[in-house]
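Please look over the sequence and the model first.

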Amino acid sequence: MKAKNFDLEALDRDYLFHPITNLKSHITQDVLILERGEGIYIFDKDGKKYIDGLAGLWCTSLGHGVTELADAAKEQMSKLGYSTLFASKSHEPAILLAEKLIEMSPFSSGKVFFGLSGSDSNDTQYKLFTYANNKLGKEKKKKMIARKKGYHGVTVTSASMTGLPNQHKLFDLPQENFIHTETPHYFKEGKEGETEEDYVRRLSETLEKTILDEGPESIAAMIAEPLMGAGGVILPPKGYFPAIQDVLDKFDIPLIVDEVVTAFGRTGNAFGSETYEIKPTSMTIAKALSSGYIPISAVIVNDELFEPIKEASGDIGVFGHGYTYSGHPVSCAVALKTLEIYERDKVFQHAKKVGEYFQNSIKEILEEDYVGEVRGIGLIAGIELYKDPLNKIAFEEAGKAGKILSDTCQKNGLIVRPILDTVALCPPLIISEKEVDELTDKLKKSLQEAKDEIMKVH
Ligand SMILES: Cc1ncc(COP(=O)(O)O)c(C=O)c1O
């Protein structure tokens, strides 16, 4: 350890290799060093207070400083700090958590496979479908349909599912077998005079054409988030999921739902699948499963997918996939406590109610003359800035206006996330109406203050 009054910023620049960061500008840019949190607030090392407007990274649903979660971790660490699930070993926290997840999820029965991150669980998804299809003699079924702007993670496979160029460039990704279909964004992509219904029909037809062009027998599954988070908080148009599921059903293609951001109350229901009438074959969850307090993720599969996997592992002698930390007892204990708090404190019901208030409050900023679209549901929203909102003309220098607004928000004590020219909001689910008012006041103030600078952006 260094001396007490060390220069953390300098040490950060000397030693830390930051994920998802402009590593070059990081050398000259201010580094926000956070120290502690309490409820929806976080405090930096100098004591400045911020609203955590993105719940960490779309994850701290219960807010900060929840000592019950710390106590659950401490208790489990003291009792059994580590134990594996390999080779038929097991432990109570993993068993009870798996049971609870099946009970809560849209699956009436099924199995839960634990991982540590959304990325590794989406990798697992791909491997499960490959494994099952090979066992079923469907060796050609290897392709995965994902969507442009979808975000599924950064491992080689999950980054291949991700439909964002910056997760591909120079990494030689996506790998072959990954196909990206259209982003369902009616405001932006809908044609003049096209109704939302027509637009959904067009998207389904495009999907069907893609499937036919690729060969339906070659497609293992489609993966989709109920709403796109990291792609810019893009909500599906009305009727989108039932329509695309009709197309998938026609060709016997299962749907994997990536609920890493949407699970556990974010859209006002327990799962985004409920909100958007999705009937998945398997589901990925992470983040709010532990309120972001400890790494844990899971893949939940239905019995139909599990069956051939079980049989194949019997033939081979082992199911050759799993992580040292799959079902880590401490992570499972913290997740169990998180789910207990959700239920006890009626957190999803609260999120639904405050979510409506939040959506109404932020809609007011549409009046600002460089705000094009305010979209959201429950406690998640995206505010997209346009050079000329009336004519839907975007900024040529994409990303500049979003960064100016997000920096201004940060200066005013509100952490948001710029995604090009969309500013994302995803506060902890425990936020109160009074705190929503505080958040919107800071946002409005920042929109005013940033106006002159943003107007100069081309
Ligand atoms: C929908 C979705 N899937 C997967 C991931 C990847 O999760 P992780 O960062 O835990 O690997 C994310 C991360 O934000 C996500 O939003």
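The model is predicted.

**The seven-stranded sheet**

Seven strands form an open sheet with mixed pairing, in the order E4-E10-E9-E8-E7-E5-E6. Strand E4 (111-115) and strand E6 (178-181) are the edge strands, and each of them pairs on one side only. From one strand to the next, the twist averages 20°. Helix H4 (residues 92-104) packs on this sheet, where the helix touches E4 and strand E10 (297-301). The direction of H4 makes about 120° with that of E4.

Within the sheet, strand E7 (residues 219-224) and strand E8 (residues 255-258) run parallel and are joined by three bridges. Ala224 has Val257 in E8 as its bridge partner.

**The four-stranded sheet**

Another open sheet has four strands in the order E1-E2-E3-E13, again with mixed pairing. Its edge strands, each pairing on one side only, are strand E1 (34-38) and strand E13 (414-415). E1 and strand E2 (residues 41-44) run antiparallel, with four bridges between them. Leu34 stands opposite Asp44 in E2.

| Strand pair | Direction | Bridges |
|---|---|---|
| E7 and E8 | parallel | three |
| E1 and E2 | antiparallel | four |

**A pair of packed helices**

Helix H13 (residues 347-363) packs with helix H15 (residues 433-455) at an angle of about 25°, and their axes are 10 Å apart. Angles under 35 degrees count as roughly parallel, so H13 is roughly parallel to H15. The crossing of these two helices, H13 and H15, is right-handed.

Which residues make the contact between H13 and H15? From H13 come Val354, Tyr357, Phe358, Ser361 and Ile362, while H15 supplies Glu433, Val436 and Thr440. Sorted by class, the contact of H13 with H15 has five nonpolar residues, two polar ones and one charged one.

**Around the ligand**

There are 15 residues around the ligand, and those that come nearest are Ser117, Gly118, Ser119, Gly153 and Val260. Which helix gives the most to the shell around the ligand? Helix H5 (residues 118-135) does, with three residues. By class, the shell around the ligand consists of six nonpolar, seven polar and two charged residues.

How values were computed
Residues are numbered from 1 along each chain as its sequence is written. This is a predicted model: local features need pLDDT of at least 70, side-chain atom pairs count only at pLDDT 80 or more; totals for chains, interfaces and linings use all residues. Axes are lines fitted to C-alpha atoms, for helices over the stretch in contact, and angles run from 0 to 180 degrees between N-to-C directions. Angles under 35 degrees count as roughly parallel, over 145 as roughly antiparallel, 65 to 115 as roughly perpendicular and the rest as oblique. A crossing is left-handed if the near helix is turned anticlockwise from the far one by less than a right angle, and right-handed if clockwise. Two residues are in contact if their C-beta atoms, placed from the backbone, lie within 7 Å. Ala, Val, Leu, Ile, Met, Phe, Trp, Tyr, Cys and Pro count as nonpolar, Asp, Glu, Lys and Arg as charged, and the others, Gly among them, as polar. Two strands pair if DSSP finds at least two bridges between them. A residue is near a molecule or strand if its C-beta atom, placed from the backbone, lies within 6 Å of it.
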